[in-house]
Amino acid sequence: MNDVRVSGDAMNPNVFVEHLSGPSMEEKSVEFVERKGLGHPDYIADAVAESVSIELSNWYKERFGQILHHNVDKVLVVGGQAWRMFGKGMVLHPITIIVAGRVTTEVKKPGGVEQVPVGRLILSAAKKWLKNNFRYLDVENHVIVDYKIGKGSAELARLVETEVPLANDTSLGTGYAPLTETERLVFEAERLLNSRSFKEKYPFVGEDVKIMGLRVNDRIKLTVAVAIIAQEVSSLEEYAYAKEVVKEEVLKLADKISEREVDVQVNTADDMKDLSGEKVYLVVTGTSAEHGDDGATGRGNRVNGLITPFRPMSLEATAGKNPVSHVGKVYNVFASRLASRIYGEVNGLKEVYVTILSQIGKPINEPQSLTVSVIPENGAGFNTISYEAREIAIEELEKIRKITDLIVSGKVLLF
């Protein structure tokens, strides 16, 4: 509920600050939070899409001085087939990754047409990301990477950047701050299990990790799905030990983040009487995509790295969209960063939500609406909060073009 106190001003009529009443997310009775980790097929789809976008962006900038139009946000991961048991396994049919979208494939110049090596760039980016992130995946033999690209062209004479890019869609972005304890725990638990130091210590833990957090009042329950590398565990006893390691390490992390009671359950679908390993979560490559699990861009984490159905969320796929004018990408990053800055700099806030709406063809720093919704602490003055929040929002709008460089340099979280 909100008490409909909304403030704006004549100089910036589309920037509003809204007063929300009611409990914050941390104060509510029930909360669901999910994160799909590094080796989840949906995460793979997002990561490949974004890797291709960055590869294209850098190539365009180096050759033509600016990022040309592209959207490769339709990546599909088609699961393969694998055979595995305790101590061994093999991939029988490779995983297929298909990169689809529309890309500027040629540039018309006074001396002729210059072709963009799109195929080479796509294959290079996808394979590089896979090699850098999977220890047991043989990229040349376990994966087929293909692409289906709609071709586009540009004229060199028209490759002149406008002062501010024009929105190429009518769309919205959302963000909020701060994360709750449950959100931080779910996020940090996945990052722990997929950290390089953890893999070095416990090489039997695969990259495919998914964590679902449920909080009911002051009790948090984490359901952890984690792939275990078949080659690294030779028996059901070793597999059970691997699960226990995951549970204990996540509980240690929970002690650092929350004083609430935390229950961790790992691979709950396992048949722990299965001595062969066929009915427990074993993988050969590190990802469940090896035996039938599929993935697609946009079905995974939002720009803060989480799936939070009790919070406002945009359904836009941020990964793979061009980082210059596609507001489905730029605005979601902007909203998340703005919410965090306002929460960090304005005193007296419990929570901040940001929603920003574009209009196709209009400058991206002139949204149809930028609304900052705040839940103040008891006794905090809304007028002061409103003024400070609006000033920060206006300042960030003026710097919105910097988000492109942050995205291309990999300095912002997208999923």
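1. The place of aspartate 274 is in the loop between strand S13 (261-266) and strand S14 (282-283), where helices (H or I, at least four residues) and strands (E, at least two) are DSSP runs numbered from the N terminus. This is a predicted model, in which local features need pLDDT of at least 70 and side-chain atom pairs count only at pLDDT 80 or more, whereas totals for chains, interfaces and linings use all residues. Residues are numbered from 1 along each chain as its sequence is written, and side-chain values use heavy atoms, with hydrogens and water left out.

2. Aspartate 274 counts as buried because its relative accessibility is 11%; buried means under 20% relative accessible area, exposed over 50%, and partly exposed in between (1.4 Å probe, protein chains only). A polar atom of the aspartate 274 side chain lies 2.7 Å from the backbone nitrogen of glutamate 278, and a polar atom of that side chain lies 3.2 Å from the backbone nitrogen of glycine 277. A polar contact is a pair of N or O atoms within 3.5 Å; within protein, one must be able to donate a hydrogen and the other to accept it, and residues adjacent in sequence count only if both atoms are side-chain atoms. Not counting residues up to four places away in sequence, aspartate 274 touches Phe86, Leu236, Lys279 and Val280, contact meaning heavy atoms within 4.5 Å. Leucine 236 is 38 residues from aspartate 274 in sequence, and their C-alpha atoms are 7.5 Å apart in space.

3. Asparagine 267 also belongs to the loop between S13 and S14. Asparagine 267 has a positive phi of about 50° although it is not a glycine, and with 6% relative accessibility it counts as buried. Asparagine 217, in the loop between strand S11 (205-216) and strand S12 (219-229), likewise has a positive phi, of about 55°, but asparagine 217 is partly exposed, with a relative accessible area of 46%. Most residues other than glycine have a negative phi, and most peptide bonds are trans. In this model the peptide bond from alanine 177 to proline 178 is cis, with omega near -5°, and proline 178 is placed in the loop between S10 and H4.

4. Threonine 174 is found in strand S10 (residues 172-177) and, at 11% relative accessibility, counts as buried. A polar atom of its side chain lies 3.4 Å from the backbone nitrogen of serine 314. When neighbours within four places in sequence are left aside, the contacts of threonine 174 include Pro312, Met313, Asn332, Ala335 and Val354.

5. The structure holds three cavities of 30 Å³ or more, and about 150 Å³ of space lies in the largest cavity. Of the 16 residues that line the largest cavity, Thr174, Arg302, Val303, Asn304 and Asn332 are the closest to its centre. S10 and helix H7 (327-345) are the elements that give two or more residues to this lining, and the largest share, three residues, comes from S10. The lining of the largest cavity divides into five nonpolar, nine polar and two charged residues. On a 1 Å grid over the protein atoms alone, a cavity is a set of points where a 1.4 Å probe fits but cannot get out, and a pocket is an open set with protein on both sides within 12 Å along at least five of seven lines; lining residues have an atom within 4 Å of a point. Grid points are joined across faces, edges and corners, and a volume is the space filled by probe spheres set on the points.

6. The largest pocket holds about 610 Å³ of space and is lined by 27 residues, of which Leu38, Tyr43, Trp129, Asn133 and Arg191 lie nearest its centre. H1 gives the most to this lining, with five residues. The lining of the largest pocket divides into 13 nonpolar, six polar and eight charged residues, with Ala, Val, Leu, Ile, Met, Phe, Trp, Tyr, Cys and Pro counted as nonpolar, Asp, Glu, Lys and Arg as charged, and the others, Gly among them, as polar.

7. The largest nonpolar core has 74 residues, and those with the most contacts inside it are Val48, Ile97, Trp129, Leu130, Ile342, Leu370 and Val372; such a core is a set of buried Ala, Val, Leu, Ile, Met, Phe, Trp, Tyr and Cys residues joined through side-chain atoms within 4.5 Å. Helix H1 (residues 41-64) gives the most to this core, with 11 residues. Apart from it lies another core, of 39 residues, among them Phe86, Ile229, Tyr239 and Val246.
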